[in-house]
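Hi,

Here is the structure I promised to pass on. Have a look at it first, and my notes follow below.

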Amino acid sequence: MKKKRSATFGIVFLLALLGIAIQSYRTQGIVKEWSDNLGQISEQEQIYFALAIPGAENHEKVSADMKNGVELCLAAQNHSSDKYEFHLTIVDEQRQDLMDAHGDDTTARINEVASRIVSDNYSAYYEDPAPLAVLGHWTSGRSSAAGEIYKNNIVAITGTALADDITESNPWYY
């Protein structure tokens, strides 16, 4: 029961943070740290987020909950906005090419995922345009590892990682 409550709290917290970020963008423009990414917003105001999920194979329920929660939030925002259209790219930490290259080495997989997200070659890995921000990762360890790569490159928001040092030591991680 305690795990279910923690996962539910995490999803709700992530949705709240995402809502705050979207509202901030809609009413005041993107915060200063996001200003370098403004060029990614096309004339149609298409805005992409990457959601880093732990992977369907071992964490099917958590991955589905994270994906469904964020998609629900984005759908509500898209329904209420005629100016912006928000999209989500799912970044599976257990994608087959990552598993082939790194196997059970979770840290190596997370580092590869984060490197791909901030890469100038993003489109070689994902079909959507590069994201404005990253949502996730699931645990504190994963978020901490990815945060070192995201630092000074892209804004990240986690609602499930609970270690204080993730956000305290990285002004780009919320």
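Let me start with T89, which touches Y48, F49, A50, L51, Y122, Y126 and D128, leaving out residues up to four places away in sequence; contact here means heavy atoms within 4.5 Å. T89 is found in strand 2, and it counts as buried because its relative accessibility is 6%. For the cut-offs, buried is under 20% relative accessible area, exposed is over 50%, and partly exposed is in between, with a 1.4 Å probe and protein chains only.

Before the rest, the ground rules. This is a predicted model, with local features needing pLDDT of at least 70 and side-chain atom pairs counting only at pLDDT 80 or more, while totals for chains, interfaces and linings use all residues. Residues are numbered from 1 along each chain as its sequence is written, and side-chain values use heavy atoms, with hydrogens and water left out.

H87 also lies in strand 2. Its side chain is joined to that of Q46 by a polar contact of 2.3 Å (a pair of N or O atoms within 3.5 Å; within protein, one must be able to donate a hydrogen and the other to accept it, and residues adjacent in sequence count only if both atoms are side-chain atoms). Apart from neighbours within four places in sequence, H87 is in contact with Q46, I47, Y48, F49 and L74.

On the overall layout, the protein has six helices and four strands (DSSP runs numbered from the N terminus: helices are H or I with at least four residues, strands E with at least two). From the N terminus the order is α-β-α-β-α-α-β-α-β-α. Of the 174 residues, 45% count as buried.

Now helix 4. Its 13 residues (106–118) should span 18 Å at 1.5 Å a residue, and the end C-alpha atoms are 19 Å apart, which agrees; the expected span is 1.5 Å times one less than the number of residues. The buried residues of helix 4 are A108, R109, I110, V113, A114, R116 and I117. They pack against strand 1 (46–53), strand 2 (85–92), helix 3 (96–102), strand 3 (133–135) and helix 5 (140–150).

Helix 4 and helix 5 pack at about 35°, with axes 9 Å apart (lines fitted to C-alpha atoms over the stretch in contact, with angles from 0 to 180 degrees between N-to-C directions). Helix 4 contributes T106, T107, I110, N111, A114, S115, I117 and V118 to the contact, and helix 5 contributes R142, A145, A146, I149 and Y150.

Cheers
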